[in-house]
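Me: I have a structure open and have not looked at it before. Can you walk me through it?

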Amino acid sequence: MAILDDLQALYDNGWDASFVYKGQDCAILPNSTTDIQVSIGVQTYVVSSLDDLVNLDIDGQKLSNIMSKTEVQLST
């Protein structure tokens with residue numbers, strides 16, 4: 001469950017994350033703990049909690065599952 005640890009660190013510290021999903025550049029950009037933007041290609045989602053972030057539905061899959069299958073870069 002390393003990705004859950006990464007998402008927790010991202011959430012706690014306000015770090016950004018980037019990864020590629022289906023050939024699309026993706027990013028997680030936390031503005032605050034209640035305003036987290038997730039960009040998947042041209043689509044942008046906004047979530048307001050860690051639970052919403054972990055469980056965000058992208059094409060019928062949880063964001064955490066998608067991220068666990070790809071290389072994620074965290075930026076501090």
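Me: Among contacts between residues at least 6 apart in sequence, what percentage join residues at least 24 apart?

Reply: In this predicted model, 38% of those contacts in the protein chain join residues at least 24 apart.

Me: What is the radius of gyration, and what would a compact globule have?

Reply: The protein chain has 11 Å. A compact globule of 76 residues would have a radius of gyration near 11 Å, so the value agrees with that. The C-alpha trace spans about 25 × 25 × 20 Å along its principal axes.

Me: How much of it is buried?

Reply: Buried residues account for 36% of the 76 residues. As for the surface, the chain exposes about 4400 Å², and carbon and sulfur atoms supply 45% of that area.

Me: Let's take β1. Which of its side chains are buried?

Reply: Strand β1 covers residues 16-21, and A17, F19 and Y21 are buried, pointing to one face.

Me: Why do they alternate?

Reply: Because in a regular strand the side chains alternate between the two faces of the sheet.

Me: Which strands pair with β1?

Reply: β2 (residues 24-32) pairs with β1 in the antiparallel sense, over five bridges. β7 (residues 73-75) also runs antiparallel to β1, and three bridges join them.

Me: Changing topic: where is S64?

Reply: S64 is in helix α3, which covers residues 63-68.

Me: Is that serine, S64, buried or exposed?

Reply: S64 counts as buried, because its relative accessibility is 8% and the cut-off for buried is under 20%.

Me: And which residues is S64 in contact with, leaving aside neighbours within four places in sequence?

Reply: S64 is then in contact with I3, L4, L7 and V54.

Methods: Residues numbered from 1 in each chain as written. Predicted model: local features only at pLDDT ≥ 70, side-chain atom pairs only at ≥ 80, totals over all residues. Heavy atoms only, no water. Buried < 20%, exposed > 50% of the residue type's maximum accessible area, 1.4 Å probe, protein only. Helix = DSSP H or I, 4+ residues; strand = E, 2+ residues; numbered from the N terminus. Pairing = 2+ DSSP bridges. Rg over C-alpha atoms; globule rule 2.2 N^0.38 Å. Contact = heavy atoms within 4.5 Å. Areas by Shrake-Rupley, 256 points an atom, 1.4 Å probe, with all protein chains shown as cover.
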